[in-house]
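Below are some notes for a colleague who is meeting this structure for the first time. They are set out as numbered points, to be read alongside the sequence and the model.

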Amino acid sequence: MNAEHNPNRINERLVSLDTLRGFDMLWITGGGTLVVFLAKATDWGWLNVVAEQMEHVPWSGFHFYDLIFPLFMFISGVAIPYAITGKLEKGTPKRELVNKVTKRMLTLVILGLLYNGAFENGFSDLRYASVLGQIGLAYFFAALIVMNTPRVRTRLFWLGGILLVIALLQLVVPVPGFGAGEMTKVGSINSWIDQHFLPGKLYGGTFDPEGLLCIVSASAVTLMGSLAGTILRDGKAANSRKAGLLVITGAALVIVALLLSTFYPIIKAMWTVPFDLLTAGVSFLLLSLFYYIIDVKKWRGWVLFFQVIGLNSITIYMVVRIFGMSLANISKFFLGWLANPAGDFGMVILTIGGIAFEWLLLYYLYKKKIFLRV
């Protein structure tokens with residue numbers, strides 16, 4: 001990880017992409033909690049429905065909160081054509097780029113171990129799988145594919161191959177003692193592979209939602225993000241046409257996912273193929289919306305709030321994990337006098353205070369042109 005102080009780097013980036021990343025990160029750094037507390041405080045029917053979307057489904061199905069992680073992975077894939085293809089076209093040696101993505105992958109795996117409490121609890125009962133590790137590994141695989149396949153058609157074959165292998169493993173390959181096509185926490189092929197080959201503690205006891213098969217499956221979402229990035233980087237197509245192509249692709253993926261879900265469940269913890277396609281499809285649609293509004297129509301008066309978060313997404317993710325209770329105490333220290341007599345609205349006030357403090361910290365880094373990236 002390094003600190004970059006070059007202000008020109010901001011201007012080279014897609015503003016819509018950083019804004020979408022910030023929008024995504026907001027929900028896990030207090031935005032989702034704020035909606036839940038607002039629903040409790042107001043007891044408005046429509047807000048209660050929205051609040052239900054701010055938690056993961058128990059197993060099969062889909063809520064908005066299930067989109068946050070794959071959307072981040074999709075966004076990291078969108079950046080690949082800019083970070084990898086662009087440098088290859090400028091003559092950067094492939095070995096140098098392989099070293100770069102390898103360093104990125106290893107850094108995220110290590111940060112994931114730290115996030116899981118390697119320093120806090122030691123390595124004796126450590127969970128080795130992690131959100132950050134999965135992001136790093138999936139990006140690594142997707143970047144290598146893009147790096148070594150100049151033709152988009154070849155990348156599509158890779159994408160289809162990954163999804164086909166995952167589908168065959170989850171639907172056709174029999175699990176000892178359970179048979180084929182078992183989609184449970186105990187009897188799935190994901191669970192069997194994690195129990196036999198993934199070291200350390202498993203998040204779900206018998207399975208891990210960031211387990212070995214999940215990492216391979218999730219790389220398809222990152223690879224689909226790279227295809228979206230290839231569309232956006234096309235210098236020949238009009239910007240409005242790019243936005244339209246993103247919409248068409250996203251809608252098609254959502255439709256295929258819903259059709260498959262009639263016999264092949266949407267399960268985030270297993271990263272089933274319908275889950276991959278659904279989340280990638282929604283990600284295509286969100287990217288199209290943000291791209292059209294921000295980079296085509298140039299309606300940017302509102303983007304700073306999200307952009308500040310998006311430019312230091314890993315930073316705030318780690319800060320919330322390490323200093324979570326301290327952030328809550330800071331909010332209570334300054335706003336406790338408002339929150340204490342406010343009943344259920346007190347938690348709303350404290351949550352807003354926590355989000356505000358996080359944002360001000362990120363804004364300070366933004367103004368100092370300090371962006372921690374891996």
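1. Which residues form a nonpolar patch on the surface? In this predicted model, the patch is made up of Trp44, Trp46 and Val50, which together have about 350 Å² of accessible area. Trp44 sits in the loop between helix H2 (15-42) and helix H3 (45-52), and with a relative accessible area of 46% Trp44 counts as partly exposed.

2. If its neighbours within four places in sequence are left aside, Leu132 is in contact with Leu108, Leu111, Gly112, Ile314, Tyr317 and Met318.

3. The next points concern charged side chains. Side chains of opposite charge can pair when their charged atoms come close. A search of the whole structure finds seven salt bridges, and one of the pairs is formed by the side chains of Arg321 and Glu120, with 3.7 Å from N to O. Since Arg321 lies in helix H15 (residues 313-339) and Glu120 in helix H7 (residues 118-121), this pair ties together parts that are 201 residues apart in sequence. Arg321 is partly exposed, at 31% relative accessibility, whereas Glu120, with a relative accessible area of 58%, is exposed.

4. Another salt bridge joins the side chains of Lys201 and Asp125, at 3.9 Å from N to O. This pair also links distant parts of the chain, 76 residues apart, with Lys201 in the loop between helix H10 (189-197) and helix H11 (212-233) and Asp125 in the loop between H7 and helix H8 (131-148). Lys201 is partly exposed, with a relative accessible area of 41%, and Asp125 is partly exposed as well, with 49%.

5. Is Asp295, which meets Arg300 in a salt bridge, buried or exposed? Asp295 is buried, having a relative accessible area of 8%, while Arg300 counts as partly exposed at 34% relative accessibility. The salt bridge between their side chains is 2.9 Å from N to O.

Notes
Residues are numbered from 1 along each chain as its sequence is written. This is a predicted model: local features need pLDDT of at least 70, side-chain atom pairs count only at pLDDT 80 or more; totals for chains, interfaces and linings use all residues. Side-chain values use heavy atoms; hydrogens and water are left out. Patches are made of residues with over 30% relative accessible area and no salt bridge: like charges are joined within 9 Å, nonpolar side chains (Val, Leu, Ile, Met, Phe, Trp, Tyr) within 5 Å. Accessible areas come from the Shrake-Rupley method with a 1.4 Å probe; for residues, only the protein chains shown count as cover. A salt bridge is a side-chain nitrogen of Lys or Arg within 4 Å of a carboxyl oxygen of Asp or Glu. Helices (H or I, at least four residues) and strands (E, at least two) are DSSP runs, numbered from the N terminus. Buried means under 20% relative accessible area, exposed over 50%, partly exposed in between (1.4 Å probe, protein chains only). Contact means heavy atoms within 4.5 Å.
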